[in-house]
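My entries follow in the order I made them.

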Amino acid sequence: MDHNLRETSVGTVATIESFAAGPAAPLVHFAHATGMCAALYRTLLDRLVPRVNVVASDSRGHGATRLAADPAAMTSWATYADDLAALLAVLPVPPVLILAGHSMGATVSMELAARMPNVRAVVMAEPAFVPFATAADWNTTRPGANPMSDQALRRRAVWPSRDAVRAAYAGRGVFASWPDGALDHYLEGGLRDRDDGQVELACAPAWEAATFAAVSPRLEAAVTGWRGGLALLHGTERSTVNSADAAAIAALGATVTCFDGVDHFLPLHRPAELAAAILAFA
């Protein structure tokens, strides 16, 4: 897969992409989680090529994408949906378009698909969202305490080297359960070189914190109004999807698959199953 910079109506968006399947093949876009980057999902993406054309993009404030990322302006994930719409507008028009994503990327993909007429299917892996039972009362301007946001603000942004980041992250925190190679994939796209020889997180802690705080309360409305194909994959360990919401999504006609013992980073642990769910719509 190739690295590319796509010029869109909102600015320059970095992608990893392959169009080896040819112009008549379906196009899959994959959107990453908060604080992550497209490169993290290389194992999954490689399972899709060359069956379909694939584009995975770095969201605003993440990876190598060059869009303004002012934390004060991040109040809604609609910003990410608008950015994705701008990217899709400059890609080759496919006969079949499938949107897939993980965590924040899954929710953004679903909410964008709900307003786009040419999306065949959406595949959500561990979508992050305000639970349906409390979404109606969620105040997006004053959402209250958010442990994920608070944790992101405490994250160290600048490091002396990539090796120093690797040593600090390996086997710890959310990285503890990651399979071999996943951390290197993350560091490939999740760090930027600085002029002083050091490296910094591509997703600044303040931007990551603002993104967590802006978590979407609108997923239920998007799913309820959706008429295309839909698959939800979720785990049971530190999952963002509770059983009631999974059942509600299944009742709307989605294919729902639960992986016992799998945590929030399902795309890293079950790339074959996630790839199969995507390709089922192709």
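**Overall.** I started with the protein chain and counted 12 helices and 11 strands. Helices (H or I, at least four residues) and strands (E, at least two) are DSSP runs, numbered from the N terminus. The radius of gyration is 18 Å, close to the 19 Å that the globule rule gives for 282 residues, so the chain is as compact as a globular protein of that length. That radius is taken over C-alpha atoms, and the rule is 2.2 Å times the number of residues to the power 0.38. The C-alpha atoms fill a box of roughly 50 × 45 × 40 Å along the principal axes.

**Ground rules.** I noted that this is a predicted model, in which local features need pLDDT of at least 70, side-chain atom pairs count only at pLDDT 80 or more, and totals for chains, interfaces and linings use all residues. Residues are numbered from 1 along each chain as its sequence is written, and side-chain values use heavy atoms, with hydrogens and water left out.

I checked burial next. Buried residues make up 53% of the 282 residues. Buried means under 20% relative accessible area, exposed over 50%, and partly exposed in between (1.4 Å probe, protein chains only). The chain exposes about 12,000 Å², and carbon and sulfur atoms supply 52% of that. These areas come from the Shrake-Rupley method with a 1.4 Å probe; for residues, only the protein chains shown count as cover. Of the contacts with a separation of 6 or more, 74% join residues 24 or more positions apart. Contact means heavy atoms within 4.5 Å.

**The eight-stranded sheet.** In what order do the eight strands of the open sheet run? I read E1-E2-E4-E3-E5-E6-E10-E11, with mixed pairing. Strands E1 (2–8) and E11 (255–259) are the edges, and each pairs on one side only. Neighbouring strands are turned by 20 degrees against each other on average, direction ignored. Two strands pair if DSSP finds at least two bridges between them.

**Strand E3.** I then followed E3 (residues 27–31). Five of its five residues are buried, so E3 is largely enclosed by the rest of the structure. In a regular strand the side chains alternate between the two faces of the sheet. Leu27, His29 and Ala31 point one way, whereas Val28 and Phe30 point the other way. E3 runs parallel to E4 (residues 53–57), joined by five bridges. His29 has Val55 as its bridge partner in E4. From E3 the chain crosses through helix H1 (residues 42–48) to E4, a right-handed β-α-β crossover. Right-handed means that, with the strands pointing away from the viewer, the path from the first strand over the helix to the second runs clockwise.

E3 also runs parallel to E5 (residues 97–102), again over five bridges. His29 stands opposite Leu99 there. Next comes the E5 pairing with E6 (residues 119–125), parallel over six bridges. Leu99 stands opposite Val122 in E6. Helix H10 (residues 243–251) packs on the sheet and touches E6, E10 (229–235) and E11; its direction makes about 160 degrees with that of E10. Axes are lines fitted to C-alpha atoms, for helices over the stretch in contact, and angles run from 0 to 180 degrees between N-to-C directions.

**The three-stranded sheet.** I found an open sheet in the order E7-E9-E8, with antiparallel pairing. Its edges are E7 (158–159) and E8 (191–193). E8 pairs with E9 (residues 199–201) over three bridges. Asp193 stands opposite Val199 in E9. Helix H7 (residues 182–190) lies across E8 and E9, at about 45 degrees to E8.

**Helix H8.** Is H8 (residues 205–213) enclosed or open? Seven of its nine residues are buried, so H8 is largely enclosed by the rest of the structure. Trp207 and Phe212 are among them. The buried residues pack against H2 (78–88), H3 (104–113) and H5 (147–153).

I looked up Arg42 in helix H1. Arg42 is buried, with a relative accessible area of 16%. Its contacts beyond four places in sequence are Met1, His3, Ile16, His185 and Glu188. Arg60 lies in the loop between E4 and H2. Arg60 is also buried, at 13%. Beyond four places in sequence, Arg60 touches residues including Val10, Asp83 and Trp207.
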